Amino acid sequence: MESQTQQTSTSKFPTTIFHNLKQNLIFRSKWAELNGAMGDLGTFIPIVLALTLASDLNLGTTLIFTGIYNMITGAIYGVPMPVQPMKSIAAVAVSNSAEFGIPEIMAAGICTGGILFVLGVTGLMKLAYKLIPLSVVRGIQLSQGLNFAMTAVKYVRKVQNFSKSKSLGNRHWFGLDGLVLAIVCCGFIILVNGAGEEQTETNSNLGVVEERSRRSKVKKFIGSLPSAFIVFLLGVIIAFIRDPKIVHAIKLGPSSIQIVKISKQAWKNGFIKGTIPQLPLSILNSVIAVCKLSADLFPGKDFSATSVSVTVGLMNVVGCWFGAMPCCHGAGGLAGQYKFGGRSGGCVALLGAAKMVLGLVLGSSLVVVLGQFPVGVLGVLLLFAGIELAMCSRDMNTKEESFVMLICTAVSLVGSGAALGFVCGMVVHVLLKLRNLQKDELTMWIRRRSQLQPQQV
């Protein structure tokens, strides 16, 4: 009987895996999932473009590997789990490309990924997830969301030089990358998506959906439009209109994938200048904040900090050896893809498949198209991703929780970074707990004294 039970469970194992993969990759709504796939491009494209122009990043290799990452994480988690560039490492590379080149970038990514993998496997990341209070996590999310939103406004208002990470001056009102275009795109997304509220499809009282008027039909039609996809497609068309010659610069075929040679000095510089500032951000925003946010947005889909930490670690321990950009998950990308309709792993799997096709067919020549893509349109997509992430902090119910969250946010936003903001938030949280404990003890002492006083008299 025992052997029969084992054979039955063994025979069901592949079927169970196939069923889970099918459920995780299913499209809840084809247009909504396609639209959601565009929600993270406002972060992905500018950073990848900057690294490609400033540090000679292999764009084709990065697209292939990040495409694989997208498809695997979509199949594993069943939600629009994003794959984003490691922002701190990218910032160091863009600002100091002469001394922090591809070997240093990859060394920083491998070291960061290795540490996250160890933290996940040993269970330390799970312990950190349990110990860090929600108010501190919300502070990190709010600071990251506002940071994205402010960067987005800068993209819209100022002309950008991504290769030098600088703003060159005010953007003109009119033109193929003007303020008017960005404002129209922004208004279009607000008209279609509103504030991001869920649309009800049934009437709970009557149990029947009734089309009451022509106005309701128009509203339903507008709400079904894939706004982010339309805006992104418009940006691609404008890129070719701005410089028709880029058609001749596009070459078919994938880029050559080679193992990156990392010297001893590159390992040292990569760890000191890249890994150390990146690690706190990856732990807080790429693992802990992602787990908290996924639990909020997808009840019942509670991912362990262990699994998320391990997947981030494996992505970089493998891909960075071949020159793929250091990557992580991110709460901002998850919020952005959710904002535009992404609800399943099929959303990011679709995005991953598109990246792989572009990487294999066009390779690094795709950079000429990205170079002409209207930056103001990217700013619009990034703006809504940032606002959606910042809005997650609205569930702080007490003044004490809001106090901790806002201190954490304020310190993180002034240029100190998420690490110092996290430390300040934790210190304030502990001090408030000690204050409440002393207050409770004082109250108990006064009560005991008041009870003893009549007996003494």
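Colleague: Which helix gives the most to the lining of the second largest pocket?

Modeller: A pocket, on a 1 Å grid over the protein atoms alone, is an open set of points with protein on both sides within 12 Å along at least five of seven lines, and its lining residues have an atom within 4 Å of a point. In this predicted model, where local features need pLDDT of at least 70, side-chain atom pairs count only at pLDDT 80 or more and totals for linings use all residues, helix 8 gives the most, with seven residues. Residues are numbered from 1 along the chain as its sequence is written, and side-chain values use heavy atoms, without hydrogens and water.

Colleague: Which residues are the closest to the centre of this pocket?

Modeller: The second largest pocket has a volume of about 970 Å³, the volume being the space filled by probe spheres set on the points. Of the 37 residues that line this pocket, K87, S88, A91, N147 and T151 are the closest to its centre.

Colleague: How many helices and strands does the protein have?

Modeller: Helices (H or I, at least four residues) and strands (E, at least two) are DSSP runs numbered from the N terminus, and the protein has 20 helices and four strands.

Colleague: Is S309 buried or exposed?

Modeller: Buried means under 20% relative accessible area and exposed over 50%, with a 1.4 Å probe and protein chains only; S309, which lies in helix 14 (residues 305-319), is buried, with a relative accessible area of 0%. Leaving aside neighbours within four places in sequence, S309 is in contact (heavy atoms within 4.5 Å) with residues including L116, F117 and V287.

Technical notes: 1 Å grid on protein atoms, 1.4 Å probe; cavity = no way out; pocket = protein on both sides within 12 Å on 5 of 7 lines; lining within 4 Å.
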